[in-house]
Amino acid sequence: MDSDDYYMESGEEDLYSDGANDYNDGDDHDGDTGFLGDDDEDTSMISSPRSPKSYVVLKEEDIRRQQENDIAQVSMILSLSKVEASVLLLHYHWNVGKVNDEWFADEKRVRTSAGLEGGSVVVPYSEGGKVACGICFDYFGSIEIVPIVCGHAFCSTCWTSYISIAINDGPGCLMQKCPQPSCQVAVGRDMVEKLVSFEAKGKYDRYFLRSYVEENKKTKWCPAPGCEHAIEFSATGSGRSYDVSCLCSHSFCWNCTEDAHRPVDCDTVSQWMRKNSVEAENTKWILDNSKACPKCKRPIEKNHGCMHMSCTPPCRHQFCWLCLGAWSEHGEVTGGPYACNRYSKAKVEGRHDEAEMKREMAKNSLEKYTHYYERWAGNQTSRQKAIGDLEKFLSEDVTKLSDKQCIPETELGFITDAWLQIIECRRVLKWTYAYGFYLPESEQEKRQFFEYMQGEAESGLERLHKCVETEAEVFQNPEDTPKQDFKGFRTKLTTLTSVTKTHFETLVKALENDLSDVGFASVAEVTTLTL
């Protein structure tokens, strides 16, 4: 089982529902659902007001069934064969409503544009009762000639080659036209079924099925490697979260197909992911770690400790790394060759050139980026570790803990929920660092408000993570831990889970409102819960 599977079973597909689990010291935990709830609507880790689930995960059989239903519907309404209905739907990107509207507005135009018919029907050239193939120009009996609606006739061998080559070339075979140049009549599925090999038919069917998702504005494939499921999204209106979860347990944003990133918007995520690429930082690295030779202007990287730099041939200019002055000018007045102070003096006098200013700006920019990136990546790593720890707990530790403490596994759900809360909060916290990176420095009130809430949320998360990560193992050895202590651990962990959830709900809500409450809220008004 994939490491995310346990997470999915607990409802990662929508972690912002109104449901919440209440725990107490009693033994009234619901034993029917176990510690991984079956109802996704009631097992969210961070709550926010929302409508019913706005997406559906489609398996291959679901996609095929919907596709066939659309074909049957168009076929029945327009009194066409299923092959003709398929041609129309492919032409109009599987938009049933548009097919019907266009058809009843101008049937003749639709037939011609979609390739259901050409201009005038062509009579194939014949001689001695035999018909000439339009590709190989050999003569064949009528039984060996395969005509289509336009009247152009080709032998079965040429047809097979023509269609097979198109299929091997890719999904463009779905829109294949008559082999006759300038003829726009479509080659339908019936021709494929009749003429090509079993292997080619399989490829065509895959292209045909995938077109239903890829040409449909409401559906997208799950981007997880090897996953064959699609997501049909039906949300409307503003303020809607696009985060969805596939049955394979991969969570992603339906709008941009990046990893799920609520509450940060897609534009910020896109900028951040581009910046994270190595290529995007190359220029910054060069500016930060090299200086241009004062004479030839080529970038030079300092790879030794001393400040005496020598440019490569043919330049060979010798200069000081600190002040970029000629090395021949260094003497006692400057403090000696290895203690140049011209940089500091120039800085006080404001005598930096444009290149030096650029280097300083690049250095500051890179330091800022490194600060946020390390925390973004660190939370991602911690999240993946937490997923692995949850998997281990569910597959191994829960049984041991149940046996050692002499309590049913169904009463250990509070530990599972703590891990799930950690996993979700690590995801949110990770993306808040991308948000913070692009928060303008000029908006000091917003930045201070954001950093305070982020700090409170992160502090609560660290307490929760440390508690479940270190203290849960202790209770697998009952000789050293009385049952009363385990009861106290349960109370502590459930309280920490609730406190952390509250902090992150506040943070998510604030970011989704673009910190608009900064003018009405003060640090003193934010309640900090401590244990």
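Reader: Which residues line the second largest cavity?
Author: This is a predicted model, in which local features need pLDDT of at least 70, side-chain atom pairs count only at pLDDT 80 or more, and totals for chains, interfaces and linings use all residues. Residues are numbered from 1 along each chain as its sequence is written, and side-chain values use heavy atoms, without hydrogens and water. A cavity is a set of points on a 1 Å grid over the protein atoms alone where a 1.4 Å probe fits but cannot get out, and lining residues have an atom within 4 Å of a point. The second largest cavity is lined by Ile163, Ala166, Ile167, Cys173, Gln176, Val187, Val192 and Tyr204.

Reader: Which helix gives the largest share of the lining of the second largest cavity?
Author: Helices are DSSP runs (H or I, at least four residues), numbered from the N terminus. The largest share, three residues, comes from helix H6 (residues 156-169).

Reader: Which residues are closest to the centre of the largest cavity?
Author: Helix H3 (residues 82-91) supplies the largest share of its lining, five residues. Of the 14 residues that line the largest cavity, the closest to its centre are Val87, Leu90, Leu174, Ala186 and Val187.

Technical notes
1 Å grid on protein atoms, 1.4 Å probe; cavity = no way out; pocket = protein on both sides within 12 Å on 5 of 7 lines; lining within 4 Å. Helix = DSSP H or I, 4+ residues; strand = E, 2+ residues; numbered from the N terminus.
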